[in-house]
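Take a moment to look over the sequence and the fold. The paragraphs below walk through one chain, then the other, and then the place where they touch.

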Amino acid sequence: MIELKGLKKNFGRLTVLDDLDLEIPSGQATGIVGPNGSGKTTTIKSILGLVKPTEGEIRIDGELVNNRWEYREKIGYMPQVARYPENMTVEELFQFIKNIRGDQPSNEEELIKHFGLESELKKRMRTLSGGNRQKVGAVLSMMFNPDILIFDEPTAGLDPRSSVQFKKKVRELKDQGKTIMLTTHIMSEIEELADHLIFIVEGKIKYHGPMDELLNEHKEQRLEGAVAKMMEEEAA
Amino acid sequence: MKALTILNYQWKDLIRGKWIFGYALIYLLITDALIRFGGAGPKALLSISNVMLLLIPLVGMIYGALYLYQSREFTELLLAQPLNRKTLFWGLYGGLAVPLSAAFILGTLLPMLYNGMFFGEQIASILLLLVLGLILTLLFTGIGFWLGLAFFEDRIKGLGFALVGWLFLAVLYDGLVLLTIFVLGDYPIEKPMLALTMLNPIDLARITVLLEFDISALMGYTGAVFNRFFGSFYGMITAVTSMLIWLALPLYGATKRFRKMDF
């Protein structure tokens, strides 16, 4: 379980996260939606310790993780804009991360096959297409079999086939009982993958609960309509 | 362990970039030329130290900042891994500072070795020169890192400050000291001048060299004051100690900043 308590983040005068309280249940998939610039990525980066919160507590499985680093062993992260050392080949990159992790067991071979990256292994990162970079990011996030997986707009830039492959993998991980967190602007993806929905606007949580409840509440057949309605209510 | 993995990768990357060999080659050619034309005496050493006093701060600062910008992807990748930020910082710093130091030391030492200069009576002076170069490299790479981190989002500013900082410390500072002496020459300004020297690590290194070679004519005002105040031996000890304090400053500032930064 990931708990955020009173999380605040200011970038200079700009308040990006405003007293955020959040619980992300274990063994389930939680989707985070919200307009651009609402603080989705900042929330994720705070959990990972990439962004240092101005105030507030972050707990993972009950343990306070602010300014710690060991806990990241449990997390696999796939960033929104995947940037990797340009001079490394894909193979070298995987090997390097394995060395950094102290040769933890990894299932990267299976993942490479799953995402069809075999032919890219010898290429340098700089020559890779955006979609293939995303796939490398997906492999990196999953290869150490972490308990918690965080995906920041994972399918942006993936072709439909890869996107389907990715979602298939995520469902597999869900069945294995992993905790999954993902942000996206594609509502059908949330519908397909997530059990819980979090709706963030301007660094505040506007909705947090099981997906089906939201759909009942708004009497909409589709999530897209429900979320669009919430956004409109926000703007009004 | 993890720091070593990072170092290993960064060194491979530097070697792949090849420019580090160019940097070593500059010292090699200059040292070789100076020894060839000026003989293997203290004169050559003095000329080498003059080159070093200009070149090391420039390369250290500019490349320190530039390297941090170049390693941005690498840094972001590793921050999401179970890795202490401190480990990552020292891995990055060592990844640049160690090869730069090695390039300087090898580039300067090799010609001295094959010219038979190293094993002469000047061995102490040569070692002092190498140690000074080493401290300067570590120090200015640290300042470069600090600037790079302070202007992480604004590369032009970071590099601009590095360049202006170098110009100030290496060139303008002496002019300012001279101007102060010229204007306030009638007052007892020895001690303030001493303090002014301590504020500039390049000056400290220069004075250490001058004290070692005992060239009072070239020592300039601050050097002479230094000599009179501390004597040759204690003057050198004081100067080197101040440099070490100087070394700690940017590294402390940079680590502190790196620990608190958002990526």
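Strands here are DSSP runs of E with at least two residues, helices are runs of H or I with at least four residues, and both are numbered from the N terminus. This is a predicted model, in which local features need pLDDT of at least 70, side-chain atom pairs count only at pLDDT 80 or more, and totals for chains, interfaces and linings use all residues. Residues are numbered from 1 along each chain as its sequence is written, while chains are lettered from A and ligands numbered from 1 in the order in which they are written.

S1 covers residues 2-11 of chain A, S2 covers residues 14-24, and seven bridges join them in an antiparallel arrangement. Two strands count as paired if DSSP finds at least two bridges between them. Ile2(A) stands opposite Ile24(A). Glu3(A) has Glu23(A) as its bridge partner in S2(A).

What else does S1(A) pair with? It runs antiparallel to strand S4 (residues 55-60) of chain A, with five bridges between them. One bridge partner pair is Lys8(A) and Glu55(A). Put together, the strands form an open sheet of four in the order S2-S1-S4-S5 (chain A), with antiparallel pairing. S2 and strand S5 (63-64) of chain A stand at the edges with a single partner strand each, so one side of each has no neighbour in the sheet.

Chain A has another sheet. This open sheet has six strands in the order S6-S7-S8-S3-S9-S10 (chain A), and its pairing is mixed. Which strands stand at the edges? They are S6 (75-78) and S10 (204-210) of chain A; each has a single partner strand, so one side of each is left without a neighbour in the sheet. On average, neighbouring strands of this sheet are turned by 15 degrees against each other, direction ignored. Axes are lines fitted to C-alpha atoms, for helices over the stretch in contact, and angles run from 0 to 180 degrees between N-to-C directions.

Look inside this sheet at S7 (residues 148-152) and S8 (residues 179-183) of chain A. They run parallel, joined by five bridges. Ile148(A) stands opposite Thr179(A) in S8(A).

Step back to the whole of chain A. It holds eight helices and 10 strands. Its radius of gyration is 18 Å, close to the 18 Å that the globule rule gives for 236 residues, so chain A is as compact as a globular protein of that length. The radius is taken over C-alpha atoms, and the rule is 2.2 Å times the number of residues to the power 0.38. The C-alpha atoms fill a box of roughly 50 × 40 × 35 Å along the principal axes. Of the 236 residues in chain A, 40% are buried, meaning that 20 or more other C-beta atoms, placed from the backbone, lie within 10 Å of a residue's own.

Turn to chain B. How many helices and strands does it have? The count is 10 helices and zero strands. Its radius of gyration is 19 Å, close to the 18 Å that the globule rule gives for 263 residues, so chain B is as compact as a globular protein of that length. Its C-alpha trace spans about 60 × 50 × 30 Å along the principal axes. Buried residues make up 40% of the 263.

Two of these helices show how packing is described. H1 (residues 2-17) and H5 (residues 85-114) of chain B pack at about 40 degrees, with axes 8 Å apart. The residues making this contact include Trp11(B) of H1(B) and Trp90(B) of H5(B). Contact means that the C-beta atoms of two residues, placed from the backbone, lie within 7 Å.

Finally, where the chains meet, each of chain A and chain B gives 19 residues. On the side of chain A, helix H2 (residues 90-100) gives the most, with four residues.

Conventions. A residue is buried if 20 or more other C-beta atoms lie within 10 Å of its own, exposed if 12 or fewer, and partly exposed in between; C-beta atoms are placed from the backbone.
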